[in-house]
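This report goes from the overall fold to one helix and then to one residue in a strand.

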Amino acid sequence: MLLTSEEVKFLETMQVNQAEVDKGDEFLHDGEPMRLTFLIRSGWVIRYRITAAGRRLIIGVSLPGDFIGLHINFNNSSIFSAAALTKSSLALIEPVRILEIHRRFPVLASGLDWMTLRHSNILSEHKVSLGARTAAQRILHFLLELWIRLEQVGLANGKGFELALTQEQIGDCMGLSTVHVNRSLSRLCKENLLRIDKGAVTFPQVSRSVSFADFDKRFLMEFSAKPGMPDLINKIASN
């Protein structure tokens, strides 16, 4: 095991303060002071902005093992809101604990840097989708992304995953109307690129789906800079 007993103990104590958040509850408000870093222990969380015209845009979906406000020490206030998409469990981490990781535990610090890079990759890929992919490609690419991310933390299998997003919420993620999302999903299912059955998402012909969506999973690379490092994200999420 790459992590020392001291590092494992630190991960455990870092997550002592926890909160349970009910579906739909907002726990971080746009513009309020950033006082804590949140680690998603279970459930799905969305980060979003509301425009002056009242339009909501979901800027990210956070899954177990993901941090919100990881670089809180550089932010005075939040630039987005966050709410539980499903009933969720959060670890509430004081900023000094994040600084302590960088000071005392270089392996864990490398893991946080990897998470930051991966988050940046996801945002970059979403920008490519918004500017260069059709609605159907955009949606399929997003669902493939969720599948890989969930599989990496043991919450999906080789066939698919349970989707916690509604069509309206998918639209808010992809900058599409609900009607457009519905039509695109119908097309994808009709062409056997996707199957949705009571919330269960599967990909009958994965290679065709990957090709159609222009999906390259390298942007979701696992942390493997050193032997044993792919387990770091699971270790963080499971303590």
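## Overall fold and two local sites

In this predicted model, residues 24 or more positions apart account for 73% of the protein's contacts with a separation of 6 or more. The secondary structure consists of eight helices and eleven strands. For 239 residues, a compact globule would have a radius of gyration near 18 Å, and the protein agrees with this at 18 Å. Further values for the protein as a whole are listed below.

| Property of the protein | Value |
|---|---|
| Span of the C-alpha trace along its principal axes | about 55 × 45 × 30 Å |
| Share of the 239 residues that is buried | 48% |
| Accessible surface | about 11900 Å² |
| Part of the accessible surface belonging to carbon and sulfur atoms | 52% |

Helix H4 covers residues 135-152. H4 is mostly covered, with 17 of its 18 residues buried. Gly-154 follows H4 and has a positive phi, near 75°.

The other site is Ser-62, which lies in strand S5 (residues 56-62). Ser-62 has a relative accessibility of 2% and therefore counts as buried, the cut-off being under 20%. Its side chain is joined to that of Arg-47 by a polar contact of 2.6 Å. Apart from neighbours within four places in sequence, Ser-62 is in contact with Ile-40, Gly-43, Trp-44, Val-45, Arg-47, Ile-68 and Arg-149.

How values were computed. Residues numbered from 1 in each chain as written. Predicted model: local features only at pLDDT ≥ 70, side-chain atom pairs only at ≥ 80, totals over all residues. Heavy atoms only, no water. Helix = DSSP H or I, 4+ residues; strand = E, 2+ residues; numbered from the N terminus. Expected span 1.5 Å × (residues − 1). Buried < 20%, exposed > 50% of the residue type's maximum accessible area, 1.4 Å probe, protein only. Polar contact = N/O pair within 3.5 Å; in protein donor to acceptor, adjacent residues only side chain to side chain. Contact = heavy atoms within 4.5 Å. Rg over C-alpha atoms; globule rule 2.2 N^0.38 Å. Areas by Shrake-Rupley, 256 points an atom, 1.4 Å probe, with all protein chains shown as cover.
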